[in-house]
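Here is a short briefing on one protein chain. Please look through its sequence and structure before reading on.

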Amino acid sequence: MHVFDGVAHTPLPNLGAFLAFGPSFHGGVTVASARLGGDTNADVIVGATSGLPEVKVFRGSDGSLKGDFLAYSAAFHGGVRVAVGDINGDGTPDIVTGPGRGGAGEVHGFDGGTLFGIEFFFVPASAAPSGGVWLASGG
């Protein structure tokens, strides 16, 4: 994946290009960005859209791995979609996840201040059990 400067439209020197899930991963990713855990640089949050529902957080300052977790059971292999937004009102963006294909539609929210402590979950009334959940968040 490539990360670009939003003003200069050039690859960021510390994050420019990297493989979020390694060279053997051939699926897609969903991407979000936010300043998690009080960092001064925005972090890059990625979700694997196939296979394990793995979420990784990379530091925006140097590209190092800040965190890695499964948003759903390891038995689920439909991937995960990610978004960010302040869902608990504490002023810090949080990670919001939705299961990929085959998922039951349960949306999870993870605290962006402490990283990875689940804050909430719910099942949207219109969630299609076979299609997973697409996300958007703001705030």
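The points below cover strands, cores, aromatic pairs and a salt bridge.

This is a predicted model, in which local features need pLDDT of at least 70, side-chain atom pairs count only at pLDDT 80 or more, and totals for chains, interfaces and linings use all residues. Residues are numbered from 1 along each chain as its sequence is written, and side-chain values use heavy atoms, with hydrogens and water left out.

**The open sheet**

- Four strands form an open sheet in the order β1-β2-β3-β4, with antiparallel pairing.
- Strands here are DSSP runs (E, at least two residues), numbered from the N terminus. Two strands pair if DSSP finds at least two bridges between them.
- β1 and β4 each have a single partner strand, so one side of each lacks a neighbour in the sheet.
- On average, neighbouring strands of this sheet are turned by 15° against each other, direction ignored.
- Five bridges join β3 and β4 in the antiparallel sense. In β4, Phe69 is the bridge partner of Val55.

**Strand β5**

- Six of the six residues in β5 are buried (under 20% relative accessible area; exposed is over 50%, partly exposed in between; 1.4 Å probe, protein chains only).
- In a regular strand, side chains alternate between the two faces of the sheet.
- Val80, Val82 and Val84 point one way from β5, while Arg81, Ala83 and Gly85 point the other way.
- β5 pairs with β6 (residues 94-99) in the antiparallel sense, over six bridges. Gly85 stands opposite Asp94 in β6.

**Nonpolar cores**

- A nonpolar core is a set of buried Ala, Val, Leu, Ile, Met, Phe, Trp, Tyr and Cys residues joined through side-chain atoms within 4.5 Å.
- The largest core has 15 residues, and Leu36, Ile45, Val55, Phe69, Ala71 and Ile95 touch the most other members.
- β1 (29-34), β3 (54-58) and β5 (80-85) each supply at least two residues of this core. The largest share, three residues, comes from β5.
- Another core, of nine residues, lies apart from this one, and its members include Val3, Leu15, Ala20 and Phe58.
- Leaving out residues up to four places away in sequence, Ile45 touches several residues, among them Leu36, Val55, Val82, Val84 and Ile95. Contact means heavy atoms within 4.5 Å.

**Aromatic pairs**

- The model has two aromatic pairs. Rings of Phe, Tyr and Trp (its six-membered ring) pair if their centres lie within 6.5 Å; planes under 30 degrees apart count as stacked, over 60 as edge-to-face and the rest as tilted.
- Phe21 and Phe25 form a tilted pair, 5.2 Å centre to centre, with 50° between the planes. Phe21 is buried at 13% relative accessibility, whereas Phe25 is partly exposed at 23%.
- The ring centres of Phe69 and Phe110 are 4.7 Å apart and their planes are at 55°, so this pair is tilted.
- Phe69 in β4 (residues 65-70) and Phe110 in β7 (residues 107-110) are 41 residues apart, so the pair links distant parts of the chain.
- Phe69 is buried at 12% relative accessibility, and Phe110 is buried at 5%.

**The salt bridge**

- The count comes to one salt bridge (a side-chain nitrogen of Lys or Arg within 4 Å of a carboxyl oxygen of Asp or Glu).
- Asp43 and Lys66 form it through their side chains, at 2.8 Å, N to O.
- Asp43 lies in β2 (residues 43-48) and Lys66 in β4, 23 residues apart. Both Asp43 and Lys66 are buried.

Definitions and conventions
Axes are lines fitted to C-alpha atoms, for helices over the stretch in contact, and angles run from 0 to 180 degrees between N-to-C directions.
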